[in-house]
Amino acid sequence: MTGKLKAAIVGCGSVSTGYFPFVSETFDLVATADLIVDRAKEMARIWGAQRAYDSIDALLAHEDLDAVFILTAMSSHNQLVLKAIEAGVSFLVQKPFTTDLQAGIQAVKLARAKGLKGLVEPNSFQSPVMLKAKEIIAEGHIGRPLYVRGYVERGFIPQWGGLNFYEREGGGILFDMGVYPISELITLLGPASAVTAMSTVSVPERMRYNDDVFTNWLKGFNRGDGGSHNDAAVPGDIPTECEAFDNTMTLIQWPGDLLGCVIANAVSFIAPPPSPRLVVCGEKGSLIFDMPGSGSQLSIATNVVDSPYHVSRPTPPAWTNVGRQEAGWYHFPANYFAPFRYYKASTEHLYACIEHDQDPIPSMEWGLHVAEVMIASRTASETGQAQQLKTTF
């Protein structure tokens, strides 16, 4: 008996390797579950869980749990969340919260009715960089935000995870990686009001590798070993039809006149030169996240002359508009922000929220709204119609 809250992990694939170290340290990790039961058994061996199951149903029927970590295929998240809620167990769910809006709404209502704690990833609300950026915006250093953009570009769909990244209901690159800039923008700017998009399947057939590759790698892994399953991966040899969009452009509108664009694709086979992953432009300045060449996670240029972040440029360019104060960039030092890994932060936060009966941050409603933005993007792409958003937080 450890005296700790009891937890289990459902889904022992690639993503779970990031959570197991923190869940096993923070909670009493009593069990694992995976449809590929050998994975559940190996993870139980590696991280000291007492039992392994082949389904969440068997797990919930036999274990007395305080929390369950749902780290499975994207299209299964909401179904498994509902099972945890029905069993009276609080949960953490990997992104996205749901790929079906009505099912997500139902899950939030049931969890609230039962007083359960639910934490939805990715937890940008606890990121020191995001917290500082929110503070800068709230204090008016860049004025009213008018335009934002974010991007995730790469030349591949993960070869692991079976059909997870390829099936339409899984959501593809937008739900897998586009969720990061979308969740950050929603964190910074609040609930959006409308979405439109254009998306396509540019490469209809991809190669992935057999599930045994990851399972066999686990059999030779022990706690404390370095390296990653990616190091041992072989080129995929299973031709797989890609039903989910692999090339997406999502336009987001916030109340008022704030507009944003998020690009998420898996067709940048020769990557373009680096550019900022996230940009927020306001009436009086701009924020840039990860400006190439700066060594900084956050940079700001502001025309507010009494701002502590104002950097004057004594010789404005000739094209500068008359009466406009031209500002240089202030870069937060590379060591300004404490290291942050949301897997760890979320695990510890969920434990504290259950122990002290507090609502997790971000809320389930936030996670549902982020999911709705992506669901609306997919619907808009398929129908050619802009989508008005229904949820808020």
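**Close-up 1. Packing of helices α1 and α10.** In this predicted model, helix α1 (16-26) and helix α10 (residues 342-356) pack at an angle of about 30°, with their axes 9 Å apart; axes are lines fitted to C-alpha atoms, for helices over the stretch in contact, and angles run from 0 to 180 degrees between N-to-C directions. The two helices, α1 and α10, are therefore roughly parallel to each other, a term for angles under 35 degrees, whereas angles over 145 count as roughly antiparallel, 65 to 115 as roughly perpendicular and the rest as oblique. Their contact (heavy atoms within 4.5 Å) is made by Gly 18, Tyr 19, Phe 22, Val 23 and Thr 26 of α1 and by Tyr 342, Tyr 343, Lys 344, Thr 347, Glu 348 and Tyr 351 of α10. Helices (H or I, at least four residues) and strands (E, at least two) are DSSP runs, numbered from the N terminus.

Local features need pLDDT of at least 70 and side-chain atom pairs count only at pLDDT 80 or more, while totals for chains, interfaces and linings use all residues. Residues are numbered from 1 along each chain as its sequence is written, and side-chain values use heavy atoms, with hydrogens and water left out.

**Close-up 2. The buried residues of helix α10.** Tyr 342, Tyr 343, Ala 345, Ser 346, Thr 347, His 349, Leu 350, Tyr 351, Cys 353 and Ile 354 are the buried residues of α10, where buried means under 20% relative accessible area, exposed over 50% and partly exposed in between (1.4 Å probe, protein chains only). These buried residues pack against α1 (16-26), β4 (67-70), β5 (90-93), β6 (118-120) and α7. Just after α10, Asp 357 takes a positive phi of about 55°.

**Close-up 3. Helix α7 against helix α11.** The axes of α7 (residues 172-189) and α11 (residues 364-383) come within 10 Å and cross at roughly 125°, which makes α7 oblique to α11. On the α7 side, Leu 174, Phe 175, Val 179, Ile 182, Ser 183, Ile 186 and Thr 187 meet Trp 366, His 369, Val 370, Val 373, Met 374, Ile 375, Ser 377 and Arg 378 in α11.

**Close-up 4. The surroundings of Ser 14.** Ser 14 has its place in the loop between β1 (6-10) and α1, and this residue is buried, with a relative accessible area of 19%. When its neighbours within four places in sequence are left aside, Ser 14 is in contact with Trp 160, Phe 214 and His 229.

Terms used: Expected span 1.5 Å × (residues − 1).
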